[in-house]
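Take a look at the chain below. We will walk through it piece by piece, from sheets to helices to single side chains.

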Amino acid sequence: MPGRLTLHPLALHSRALRPLCLALFASVAIQALPAQAAEYGDFAYDTLRTLTIDHAGRHSGTEAFEDAADWMSSRFTLGGTTLTRQPFTTRRGLASQNVIGTVGNTDQGFILVGAHFDSAPQRPGYTGPALQGVDDNGSGAAVLTEIAAHLAGLPVETGLVFNAFGAEETGLEGSAFYRQELEAAGEIDRLKGMINIDSLITGDFMYAHAGTNYLADPALKSYWTRIHAIADELGIDLRSNPGLNPHYPVDTGCCSDAGNYEDLNIPVLWLEATNWEIGDLDGYTQTTNPGIPGGASWHDPAIDNWDVLEAAFGPDHIPGRLEDWSRLLTRLLVELTNADLAASAQSGAGFSLAMTDQLARDHQAFQAAVDRAVLALFTRKPGLGETSVDVFVEGLARPGGFDGAATADHETAGRIGFRADHRLSDLVTLGADLHLSRGRDDLSSGSDLDRTGVAFGLGVLVNDGAPGWLAASVSAGYARVDGTRAFTMTSGLGATILDQRFDAQTNARSFGARIEGGWDLALGGIATGPVVGLDYTRYELDGFTESGPARTALTYPDQSYNSAEGELGWRVRGSIAIGETTTLAPYARAGWVHEFADGRPDAIRLTAGDGSSRQVALAEADDDFGRATLGARIFFGETVSTYAEVETRFGHDDGAQTAVTAGLGLRF
């Protein structure tokens, strides 16, 4: 970087800022690229080693610069960024270029993140080793490539342009050329902010400064405010120009590529490592470390190299700085682009879907218990005009998934039920059910849902011992749902950006009606025949707001949706006497199901902590699939019975959904 003689942008002396690490999605849950599980700083470290050791002396117009541009290009092709190379000629006639990686759609606006990768020219008469430029500015260029890779593939709502500038050391020419091209194309108005990263290693402290334009408009200090808040949260010591030198107002930076953008009405952020409280109080004296002669490494091949910097600061200093800057910048860019909010909304949509599916499964479990009670009436009816009362307890386990990876990975539930049957006539038996249940879903995303519910039903069985039969019922249910949403956002390099937990509580109701009938043909000790049924349920889920980190916590709206399905199948039932008082009643049923309404919404609109809302489409359910049940009940005399049942579906796009239920019943 040249000597600082004037404050005119094209003659500014380049001093660097350092990259901040932004946090981004996934999720869920949301993971954009094949994770390489890299630690923060690793990718930047690899970029820096090759850039500075293999491409020392990379001044514009040299072969080393061209080779360095190739290396930077290869680092931007990782992670799905769009690569552009922008050649230009400097005022001195030197060939140079900008290497640009773009993430997301820039049509509606973008943030420019820049770091020059050229090194200063050799001094006249110098014959020693070429300048590695580890600090100025291999460090900033290296972090630039890493944060581009972290952000790649994430759901950014504002585009990102990562620009490795050439010819900074000849007067900020690469950044000036990029701006000129934006203006010529009529695209300068799409530029929403500029972050400049330069010289991150030698300085005693990490700094983030605002642009001087914030002095006229405090709103332009927003990037500065956000990155310092993130640093506090992450426990990173991040400072700002204290304003001890009157030529450099408090909290402002200068003298690198961001200077070409400070006259625009956009937030500007300068990142660097130095020490603004020593020397001339202008940031040019970087350190009090005795291993750095004169306190600065700018443009000095004898100091700005790996051997000297590692000897002065220790082997952990460079990796540690790269890690801190990468964490800061990744997290900052995730928030500035709202990628965290978009990813959280995707995660929340999956959580909402898990709730609706849990309610559907709870209703199915209630209906299955009613079906078992009705089926038992074919074996053991109360006497004419009599009323029987059954009490049962049962447990259910569903070890497989339900409707996709975002929902239940494992379900357990317990139920206590009361059933009263009154035989009104030879043809008609009336029934009433009251069930109390508790259930838990452990979700594949790491989230969980706990449900406490009560359900009530009234039904009728029409059968006088003839082959034909008809059963109908209506039901209503209430449930309290408590849950924890686990939101994990993973970067394009596989690093964890966010790992958060949100607590939620809401109430739900269901109202259902069902009718089915069939014809049982007697074949020896069994009865078998076709069955056809219709089932309708309406679900209502109250809106709620999560408690947790305010920015990514979500508010869910009231929801109501309908499930309607028809089934055509076949069933088999039997009654086998075992001794004088024991009866075995096996049964099986298989049918094809068509959903006229799949019992869950097509989309949900979620509101984030900042008040912005996003509509997320939900996966469509399979409209046609098979369902099968196999079970047996053992009656011990007139009082006690036990049962076990396995129910599964097949031919469903989301795979099998198997539940195992076992219970004990008492009749009074």
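A residue is called buried under 20% relative accessible area, exposed over 50%, and partly exposed in between. Keep those cut-offs in mind. Keep in mind, too, that this is a predicted model.

Apply the cut-offs to Tyr45. Its relative accessibility is 25%, so Tyr45 counts as partly exposed. Trp306 has 3% relative accessibility and therefore counts as buried. These two residues belong together, as a later paragraph shows.

Start with the sheets. Strands of a sheet pair through backbone hydrogen bonds, either parallel or antiparallel.

Strand E6 (residues 191-197) and strand E9 (residues 268-274) run parallel, joined by four bridges. Here Met194 stands opposite Val268 of E9.

Now find helix H4 (residues 173-184). H4 has 12 residues. From first C-alpha to last, H4 reaches 16 Å, close to the 16 Å expected at 1.5 Å a residue. An α-helix has 3.6 residues a turn, so residues three or four places apart point the same way. Which residues of H4 are buried? They are Glu173, Gly174, Ser175, Ala176, Phe177, Tyr178, Arg179 and Leu182. What do the buried residues of H4 pack against? Their partners are strands E2, E3 (95-103), E4 and E5. Just after H4 comes Gly186, with a positive phi of about 70°.

Move on to another sheet. This open sheet has four strands in the order E18-E19-E23-E24, with antiparallel pairing. E18 (544-545) and E24 (613-617) stand at the edges. Each has a single partner strand, so one side of each is left without a neighbour in the sheet. Within the sheet, E19 (residues 554-556) and E23 (residues 603-608) pair in the antiparallel sense over two bridges. Leu554 has Ala608 in E23 as its bridge partner.

Next, zoom in on side chains. His299 sits in the loop between E9 and helix H6 (306-313). Why is His299 called buried? Its relative accessible area is 14%, and the cut-off for buried is under 20%. The His299 side chain makes a polar contact with the side chain of Asp136, at 3.3 Å.

Finish with the rings. There are nine aromatic pairs. One of them joins Tyr45 and Trp306: the ring centres are 5.5 Å apart and the planes stand at 75°, so the pair is edge-to-face. Tyr45 lies in helix H1 (residues 42-54) and Trp306 in helix H6, so this pair ties together parts that are 261 residues apart in sequence. Tyr248 and Trp276 make a pair as well. Their ring centres are 5.6 Å apart with planes at 75°, so this pair is edge-to-face. Tyr248 is in the loop between E8 and E9, while Trp276 is in the loop between E9 and H6, 28 residues apart. Tyr248 has 10% relative accessibility and so counts as buried. Trp276, at 0%, counts as buried too.

Definitions and conventions. Residues numbered from 1 in each chain as written. Predicted model: local features only at pLDDT ≥ 70, side-chain atom pairs only at ≥ 80, totals over all residues. Heavy atoms only, no water. Pairing = 2+ DSSP bridges. Expected span 1.5 Å × (residues − 1). Buried < 20%, exposed > 50% of the residue type's maximum accessible area, 1.4 Å probe, protein only. Contact = heavy atoms within 4.5 Å. Polar contact = N/O pair within 3.5 Å; in protein donor to acceptor, adjacent residues only side chain to side chain. Phe/Tyr/Trp six-rings, centres within 6.5 Å; stacked < 30°, edge-to-face > 60°.
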